[in-house]
Amino acid sequence: MWRQILSEIAALPRAKRREALARARESLPAEKTEEWNSSFSEDSLYEAWTTIEPMRELYKYNRRVIREFLDARPGWHIVEIGGGNGALWRDFFRENERGSFTLIDPQESAREAVKSALPGSLKFRVLAGRVEEAEIPPADLIVCGLMLHHVAGLDSNQRKRYGLEGPGKLELLERFLSSVRPGRGICILNESDVYTEIDLAPDDPLLIDRLIDSYITRAAPAVAASLEEPGLDPELGRRLEAILIHWCIGQVETAGTSLRLERDVFELDTTCWLRLLERAGARIISHRFTDDWNLFHQYVFTSVD
Ligand SMILES: C[S@@+](CC[C@H](N)C(=O)[O-])C[C@H]1O[C@@H](n2cnc3c(N)ncnc32)[C@H](O)[C@@H]1O
């Protein structure tokens with residue numbers, strides 16, 4: 001059923017997709033559920049989200065880069081910004097592996113989840129708050145997966161135009177680079193490939209079109225494919241359906257119509273990320289899509305100097 005609904009909408013001319021989506025939504029359960037990024041506990045929708053193939057692939061490619069890097073760097077220090085449910089780290093470290101790990105995250109359930117995914121042999125420290133307000137300590141490796149799009153604005157100047165203080169994405173990337181520069185470390189960034197930055201006004205047809213492109217033609221089919229996996233646990237199936245309805249189909253109107261200052265997603269496409277990384281003074285070591293849906297892109301970079 002899901003694949004059919006989604007592929008019928010994707011096959012429509014762009015100008016007709018929103019209306020078709022609204023019609024499809026009317027026939028789906030309307031119950032309110034967890035918002036994106038509101039919980040990272042074991043029974044959260046995020047836990048179900050991390051079982052879908054693009055997320056498993058994202059973790060696989062991150063783990064590959066991280067393992068190779070750590071093995072060449074005894075006494076390493078990882079700083080993770082935005083840890084989610086800690087799925088990246090589950091069963092990743094070797095028994096008694098040593099190193100330091102700092103997590104920067106404002107959500108308590110994320111901090112607890114990451115902590116419980118790490119072995120006791122690591123020195124674990126938490127900076128409980130948003131990265132914008134944190135003093136990022138010197139690091140060998142910064143991991144920032146699917147977090148930076150929560151920060152509105154390409155840079156602080158663009159933020160000012162919309163009445164916002166503080167750093168934008170550019171200034172945060174500069175801070176990441178300052179943190180890894182002394183030790184010639186690296187940063188890993190994961191983000192989607194879709195442009196929904198703050199300059200797009202609520203209800204702008206371009207914003208809606210791009211949200212549909214990302215959530216309906218790429219994310220939702222990946223979730224629907226997971227629903228078809230043989231032997232799927234019924235409880236996981238229920239949560240994946242809630243993700244489809246509320247985080248994919250519902251997200252188009254939620255993110256597409258909320259006031260700029262209330263929108264939670266300010267994504268960039270790969271071209272913009274690459275340009276911004278260059279502006280921040282990054283040297284790109286590698287970048288690639290990590291899944292067959294072209295949903296998520298991984299950037300590995302260091303400081304040019
Ligand atoms: C979508 S989750 C991604 C989690 C994980 N990195 C992953 O790839 O599964 C975003 C994470 O960033 C955190 N976060 C959101 N805004 C943040 C901010 N301003 N500073 C630091 N962390 C933030 C959230 O609490 C959450 O843990």
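Of the 20 residues around the ligand, which come nearest?

## Ligand shell

Gly82, Gly84, Gln107, Arg130 and Gly145 come nearest to the ligand, out of the 20 residues around it. The model is predicted. By class, the shell around the ligand holds nine nonpolar residues, eight polar ones and three charged ones.

## Domains and their contact

Two domains make up the division of the chain. Domain 1 covers 2-30 + 201-262, and domain 2 covers 53-197 + 266-303. Their centres, taken over C-alpha atoms, are 27 Å apart.

Domain 1 gives 13 residues to the contact, and domain 2 gives 10 residues. On the side of domain 1 that touches domain 2, helix α8 (residues 205-227) supplies the largest share, 11 residues. That side of domain 1 has seven nonpolar, two polar and four charged residues.

## The sheet

How many strands form the open sheet, and in what order? There are seven, arranged β3-β2-β1-β4-β5-β7-β6, and the pairing is mixed. Strands β3 (123-127) and β6 (282-289) are at the edges. Each has a single partner strand, so one side of each is left without a neighbour in the sheet. On average, and with direction ignored, neighbouring strands of this sheet are turned by 15 degrees against each other.

β3 pairs with strand β2 (residues 100-104) in the parallel sense, over five bridges. Within this part of the sheet, isoleucine 104 stands opposite leucine 127 in β3.

## A helix across the strands

Which strands does helix α10 (residues 270-280) lie across? They are β5 (186-192), β6 and β7 (296-303). Relative to β6, helix α10 runs at about 165 degrees.

## The annotated stretch

UniProt lists residues 79-155 under "domain: Methyltransferase type", in an unreviewed entry. In the model, the chain over residues 79-155 is 13% helix and 23% strand. The end C-alpha atoms of this stretch are 22 Å apart.

Definitions and conventions
Residues numbered from 1 in each chain as written. Predicted model: local features only at pLDDT ≥ 70, side-chain atom pairs only at ≥ 80, totals over all residues. Near = placed C-beta within 6 Å. Nonpolar A, V, L, I, M, F, W, Y, C, P; charged D, E, K, R; others polar. Domains from an automatic or database assignment. Contact = placed C-beta atoms within 7 Å. Helix = DSSP H or I, 4+ residues; strand = E, 2+ residues; numbered from the N terminus. Pairing = 2+ DSSP bridges. Axes fitted to C-alpha atoms, helices over the stretch in contact; angles between N-to-C directions. UniProt positions renumbered as here; feature names shortened; annotations may be inferred.
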